[in-house]
Amino acid sequence: MSSTIETEKPDTDQKQVPGAGAHSHGADDVPVQTRSERFASALHDDFPEVTGRELEWRLTPVEKVRDLIDGELDGGRFPAVVSEAAGVTTEWIGRDDARVGSAGLAEERAAANAWSSFREALAVTLTAEEFTEVVIDRTGADRAPRAAHTILTAGPNARGIIVIDNRGSARLSENVEIVVGDGAHLTVVSLQEWDDESVHLSSQFARIGRDAVLKHVVVSLGGSVVRVNPSAHLAEQGATGELLGLYFSDAGQHLEQRVYVHHDAPNTVSRVTYKGALNGEGARTVWVGDVLIGRTAPGTDSYEQNRNLVLSDGTRADSIPNLEIETGDIAGAGHASATGRFDDEQLFYLRSRGISEQEARRLVVLGFLLEVVQKIGQPELESRLLAAIEAELAAVAVV
């Protein structure tokens, strides 16, 4: 078996974490830079050239995405059809609109290239206090390098779910901003079911207001190289962030997620759960989870976990949880990471009840992944994802 769990190594250029009282806990070697102090800019040339040795890039197949990092990108409107609903406003806005940059800013060169290149941003705003469902249907039709920028806003006390449905063919680098107003409850689902040759780099920034709740879900099933980096800033007292992820990597497919949660206010709560399966020669997944509990966040309750299920030889799963704590006054914090094959006891239990080995293995994989699917809270989407997972499993000869 060639699947691995890898520990993140620090770059020598990183800054030392300030403050003698700061506690850093994670793998044996962790980034020495306080995560919140990472450089950010909207300008591509403000970032150094990417060599593939950098902390942010060393687990990514850089040469396969080089055109999105440094090349010229088409910044016109990326094809998108937004469903209509009461209390929902959809508009294209200019780069000078005050909402641009309200949730975050690019922290690496590819995101900055997209930020520098887009000409208009798609802005979707929810204001209704009754639960609202919105689907952004984005179907790529070519593989020319593109840039996109999307701003999703839930007004104070708004309730709803927004699904970004990515399908078709594309080479896309984008930034997604999510602003959750005070008292709002918003679910955002980023669904990647691209064609096999597609490449997608997505940086997604969320700012969560007072007593607001964001459920953020990343589902990556299709594409050649897909890298989605969600960041959640729990900026106001009582903010809650639940970050969920599901991925299934086939032969030669690279699926990557880098998750960052910043507790920056008192009595904030976060839960991070990412689960994935790997099957086929060259299947590769990367998960990096950073949680920072700042000095201004007493009463924080945080937990992150990543689980990977290996279905064949020739795969590799990198799973790297990092936790920084800068205050001793917390309700709880922890993390977990595991990568392995089937649980023999589960298989034995099922087979002892007359279920064939192949069917038992299928049921174990389904049960493993459906924990995330069932937390989405949208029955039609959950059914669709179940069918997609079943289709993935139909081609699996698990060992």
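**Figure 1. Burial and overall make-up of the protein chain.** Buried residues account for 58% of the 399 residues in the protein chain, which is shown here as a predicted model. The chain has 5 helices and 17 strands, and its accessible surface comes to about 15,600 Å², with 49% of that area belonging to carbon and sulfur atoms. Where contacts are made between residues at least 6 apart in sequence, 85% of them join residues at least 24 apart.

**Figure 2. Helix α2 and the elements around it.** This helix is mostly covered, with 8 of its 9 residues buried. The buried residues of α2 are R109, A110, A111, A112, N113, A114, W115 and S117, and they pack against α1, β5 (132-154), β6 (159-180) and β8.

Figure 3. E56 lies in the loop between β1 (23-26) and α1 (66-70) while R227 lies in strand β10, so the pair ties together parts that are 171 residues apart in sequence. Both E56 and R227 are buried. E108 is buried with a relative accessible area of 7%, and R227 is buried with a relative accessible area of 1%. A network of salt bridges links R38, E56, E108, R227, E256 and R258.

**Figure 4. The salt bridge between R66 and E63.** The side chains of R66 and E63 meet in a salt bridge, at 2.8 Å from N to O. R66 has 22% relative accessibility and therefore counts as partly exposed, whereas E63, at 60% relative accessibility, counts as exposed.

**Figure 5. The largest cavity.** A search of the whole structure finds 6 cavities of 30 Å³ or more, and the largest cavity has a volume of about 170 Å³. Its lining is made up of 16 residues, of which R35, E56, E107, N229 and S231 lie nearest the centre of the cavity. At least two lining residues are supplied by each of β8, β10, β12 and β14 (284-293). By class, the lining of the largest cavity divides into 5 nonpolar, 4 polar and 7 charged residues.

**Figure 6. The second largest cavity.** About 80 Å³ is the volume of the second largest cavity, which is lined by 14 residues, with F78, W92, L122, A148 and H149 lying nearest its centre. Strands β4 (120-126) and β5 each supply at least two residues of this lining, and the largest share, 5 residues, comes from β5. The lining of the second largest cavity has 7 nonpolar, 4 polar and 3 charged residues.

**Figure 7. The second largest pocket.** About 230 Å³ of space lies in the second largest pocket. This pocket is lined by 14 residues, and those closest to its centre are A103, G104, E107, H233 and Y260. The elements that give two or more residues to the lining of the second largest pocket are β8 (199-208), β10 (225-234) and β12 (254-263). Among the residues of this lining, 6 are nonpolar, 5 are polar and 3 are charged.

How values were computed:
Residues numbered from 1 in each chain as written. Predicted model: local features only at pLDDT ≥ 70, side-chain atom pairs only at ≥ 80, totals over all residues. Heavy atoms only, no water. Helix = DSSP H or I, 4+ residues; strand = E, 2+ residues; numbered from the N terminus. Buried < 20%, exposed > 50% of the residue type's maximum accessible area, 1.4 Å probe, protein only. Contact = heavy atoms within 4.5 Å. Areas by Shrake-Rupley, 256 points an atom, 1.4 Å probe, with all protein chains shown as cover. 1 Å grid on protein atoms, 1.4 Å probe; cavity = no way out; pocket = protein on both sides within 12 Å on 5 of 7 lines; lining within 4 Å. Points joined across faces, edges and corners; volume = space filled by probe spheres on them. Nonpolar A, V, L, I, M, F, W, Y, C, P; charged D, E, K, R; others polar. Salt bridge = Lys/Arg side-chain N within 4 Å of Asp/Glu carboxyl O.
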